[in-house]
Amino acid sequence: MTRQLLEVSQLHRAFGGLVAVSELSFHVTDGEVVSIIGPNGAGKTTAFNLITGVYPPTGGSIHFRGSQVSGMALHKVTDLGIGRTFQNLRIFPNLTVRDNVLVGMTRKNKASMLTACLRLPAFGREEARLNAEADRLIDLLELRQVESQLARNLPYGNQRRVEIARALASDPALLLLDEPAAGMNPAEIEELNNLIRRLRDEFGKTILIVEHHMSLVMEISDRIIVMDQGRKIAEGTPSEVRESPLVVRAYLGAGMV
Amino acid sequence: MDLFLQVLVNGFAVGGTYALGAVGISLVFGVLNIINFGQGATYTVAAYVGMLLMMLTGANVLVAFVGGVAAAFIVGYITERIAVRPLRNQPLQMSLITTMGFGLIAENLVQFIFGPQTQPLSADLSSSVYSIGPVTITNWEIVTLAVVVLATGTLHFVLSRTSFGSAVRAVAEDRRAAVLLGIDVNRLIIVTFCIAAAMGGVAGVLGAALYNAIYPTMGSLSLTKAFAASVLGGMEQVGGAIVGGLILGVAESATAVYISSAWRDAIAFALLVGVLVAMPTGLLGRRDLDKVERTNLSVFPLPPVPRLDLRRMSIWLPVLIALLLPLVINDNYYMRILTIMLMSGMIALSLNLVAGFAGLFSLGHAAFYGFGAYASAILSTQLGLPVWLSITGSILLTGAFGVVFAWPIMRLRGHYVTMATFGLSGLSWMIMLNWIDLTRGPMGIRAIPAPEFFGETFGATGFYYLILAFLLISTGIVLALLNSPFGRAIRAMRDDELGVASVGQDTRVLKMQVFALSAAIAGGAGAFWAHYVSYISPDSFTPIVSISFLAMVVFGGLGSVPGAIFGGAALAALPEILRFASEYRLAIYGLILILVVLYRPQGLLGMRHIAPDARIRKGQPASNKAREEAA
Ligand SMILES: Nc1ncnc2c1ncn2[C@@H]1O[C@H](COP(=O)(O)OP(=O)(O)O)[C@@H](O)[C@H]1O
Ligand SMILES: [Mg+2]
């Protein structure tokens with residue numbers, strides 16, 4: 001059996017009396033694109049927050065590359081190679097697009113504060129290296145035209161892309177995207193579709209994505225996990241999931257199509 | 001045992017007045033999520049109005065009491081209308097600054113009218129002492145306890161049994177939902193504010209009667225106690241505030257009896273810090289700290305950070321002017337003002353790093369400034385180190401102190417940072433006052449040597465160039481760091497801490513670094529001051545001084561480097577230039593705080609922002625929060 005990149009087992013989280021995630025087990029293999037779908041309040045975002053250590057689980061375990069990460073702080077999880085975006089955008093509105101991306105690389109900076117104070121050559125070299133890397137991400141996400149604008153002034157779709165660029169800047173092996181298509185127009189969704197494929201195929205990223213746009217999900221996913229009321233109710237390839245009566249019921253029950 | 005009973009009785013009486021003040025703080029925090037730094041004004045005004053009534057009209061105590069409380073009620077009304085209501089759409093810290101301004105004005109005016117001295121509430125206030133078993137109790141302690149029970153009981157009834165009470169609870173729970181329920185939120189807020197102020201007034205008159213003593217700064221002192229009690233009880237819990245007040249009262253009277261009365265006033269500061277560090281939700285707090293999330297400052301764009309480009313004229317012109325000034329001015333008085341201006345600019349620069357860029361509204365900078373001054377003074381006078389060495393040592397030590405100082409507040413956010421740093425500032429001040437062996441206490445340290453340069457002792461001009469060098473070096477360091485990964489990270493942290501953590505950066509480390517740097521700069525200014533004036537005492541490093549530093553930064557512009565330096569220099573010069581006004585210095589600072597926040601919240605050199613709800617109306621992209629709530 002190959003070791004999974006991400007292995008979640010029996011994950012549980014309650015907020016007071018409310019159980020947001022329960023008995024959730026799934027895995028993600030290197031190089032896959034896996035989607036989590038489910039009605040609002042199903043616990044998808046909570047699952048992301050547990051994996052990335054925004055808050056600790058009340059039960060179960062999470063292994064990333066074979067090592068236990070549950071209960072670890074967010075910044076440590078990122079250091080291990082998990083990057084993420086947030087459902088409610090958490091870009092830095094008062095920084096330029098470029099600075100947003102550069103902040104994503106804070107941990108890669110090797111120049112000390114002293115070299116920065118004295119403006120030693122090492123500092124200049126390091127800044128140039130970081131900026132060159134930021135350039136590549138800015139091009140990849142097609143943000144070149146807005147790179148010196150404050151993120152707050154961008155349209156919503158662009159802000160989403162800034163957040164993805166920032167997450168990529170920390171070089172994650174596993175990228176978690178929480179509803180990246182929310183607020184995007186059809187053309188932008190099409191671009192997102194291409195981007196996700198490229199990230200997997202060209203850059204070797206593994207991607208776990210929460211999304212409501214069914215056509216996008218069906219097109220890009222290798223596997224789909226369906227959640228309802230905190231639990232996993234189905235899992236399979238896009239065509240298997242489409243057929244599953246449980247899924248249809250959960251979605252129709254929640255008034256969604 | 002008998003002594004302990006006595007401690008309990010005295011503690012409960014004093015603690016009762018603290019409880020009332022704390023209830024006021026908690027009520028306002030509950031409905032508005034703001035901390036009313038102006039609450040101290042209600043005590044002072046109530047006590048002095050009571051005193052005036054008794055002195056001028058010979059009114060009896062009851063009339064004085066009612067008059068005082070009514071005056072406090074009016075103070076509450078004015079504070080809410082002027083300093084709080086216009087700021088509904090601003091980040092919550094803004095009303096913290098305006099209420100602070102209100103407090104300063106009130107205290108300063110009282111001091112100007114009645115003088116700084118302590119005076120009796122009434123010369124012929126009858127007082128009698130009763131013995132119950134082994135315990136003695138004064139009539140005023142009995143009255144206090146009775147009034148406290150009556151006032152809190154009435155309040156409890158109002159909050160739990162009346163429709164007004166349920167409306168208050170609804171607004172505290174969720175203001176938006178309360179509006180939908182048809183509650184007139186504005187009216188409810190002002191009524192709550194006035195009730196809170198009246199509670200403060202009751203506490204003021206009772207406190208005055210208890211000791212038969214009133215003085216202008218009684219409000220600030222009681223405010224500190226009310227904060228501590230309220231935090232201890234869990235901030236928004238009215239019941240908790242009462243318990244917190246009583247505990248604080250007993251702890252104080254126990255300290256006075258068993259340890260030393262000098263440390264009595266340190267208890268509140270220590271509790272404030274200790275509780276916020278150890279269990280930020282307090283004894284009876286149920287809720288998480290998440291309500292504080294709304295203190296996010298990201299609606300303010302920061303002005304662009306000036307590039308550190310030494311070829312630009314805009315950097316060299318002010319430097320050149322500063323270098324040449326002593327050639328034009330040879331009056332020592334003006335040299336002194338210029339020197340103080342540069343030093344204040346340096347302190348404001350350091351505070352701006354924390355408050356403007358990292359978004360942590362610190363009220364702790366008087367502690368750093370004082371630490372630097374005392375460290376250098378002690379190193380040079382008691383250890384006999386050469387002046388240059390002690391200045392350098394004191395800068396490094398203050399940086400380390402900054403780390404120690406930042407450690408307790410690392411988990412905190414928004415108002416809690418402000419409260420905790422306020423407590424730390426107070427605690428440092430208390431240590432300067434009471435650690436006599438080291439600091440010589442209130443007497444201060446004298447004969448601090450001036451530095452020498454090639455065998456020549458510094459004169460007025462030498463000191464001017466020294467502080468100019470300090471300011472230039474620290475500005476250079478600040479600009480260099482702001483234009484570096486560290487600077488980007490702290491600016492990002494101000495916008496979104498979770499976002500910073502999500503790229504692998506530990507925000508606690510960032511906070512420690514920024515506090516260390518900021519403290520070192522403020523410590524350098526302090527060390528300079530010690531050797532410049534050759535005499536220091538704790539009076540120059542009180543928490544009020546911390547507030548005036550914050551005033552400088554707000555005036556110049558949060559997050560603007562030239563703004564902060566300008567703000568520091570200007571506010572330092574103002575009272576000196578307006579000679580007649582130096583008496584009103586604090587009131588002027590207070591007025592500036594209010595006017596700036598109301599009419600130019602970005603400060604003189606800061607960047608304009610658009611209130612979040614205005615943006616929604618104009619159809620521009622709304623803030624994250626608004627979008628989230630709309631979803
Ligand atoms: N921090 C929190 N505190 C309390 N309840 C929460 C918190 N986060 C999520 N929940 C609750 O957990 C449930 C799952 O939420 P979430 O994971 O956001 O769902 P989804 O992302 O699938 O729409 C919801 O009922 C939500 O109200
Ligand atoms: Mg979600």
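A:R144 is partly exposed at 33% relative accessible area (partly exposed lies between buried, under 20%, and exposed, over 50%, with a 1.4 Å probe and protein chains only). A:R144 pairs with A:D139 in a salt bridge whose closest N and O atoms are 3.1 Å apart; that term takes a side-chain nitrogen of Lys or Arg within 4 Å of a carboxyl oxygen of Asp or Glu. This is a predicted model, where local features need pLDDT of at least 70, side-chain atom pairs count only at pLDDT 80 or more, and totals for chains, interfaces and linings use all residues. Residues are numbered from 1 along each chain as its sequence is written, chains are lettered from A and ligands numbered from 1 in the order written, and side-chain values use heavy atoms, leaving out hydrogens and water.

**Salt bridges**
- A:D139, the partner of A:R144, is partly exposed too, at 43%.
- A:R98, A:D135, A:D139, A:R144 and A:E147 are tied into a network of salt bridges.
- A:K108 and A:E133 also pair up, with their closest N and O atoms 2.4 Å apart, and both residues are buried.
- In chain B, B:K511 bridges to B:E497 at 3.2 Å between the closest N and O atoms.
- B:K511 sits in helix α21 (residues 507-533) and B:E497 in helix α20 (residues 497-501), 14 residues apart; helices here are DSSP runs of H or I, at least four residues, and strands are runs of E, at least two, numbered from the N terminus.
- B:K511 counts as buried at 3% relative accessibility, and B:E497 as buried at 18%.
- Over all chains, the count comes to 29 salt bridges.

**Magnesium site**
- A:T45 (OG1) and A:Q87 (OE1) coordinate the magnesium ion (ligand 2) at 2.0 to 2.1 Å; donors are N, O and S atoms within 2.8 Å of the metal (3.2 Å for Na, K and Ca), and water is not among the atoms, so sites may look incomplete.
- A:T45 lies in helix α1 (residues 44-51), while A:Q87 is in the loop between β6 (82-84) and α3 (97-103), 42 residues apart.
- A:T45 is partly exposed at 24%, as is A:Q87 at 26%.

**Confidence**
- Chain B averages a pLDDT of 85, and 92% of the residues score at least 70; pLDDT is the predictor's confidence in each residue, from 0 to 100.
- Residues 610-631 of chain B have pLDDT below 50.
- For the complex, the predictor gives an ipTM of 0.90 and a pTM of 0.88.

Conventions: Contact = heavy atoms within 4.5 Å.
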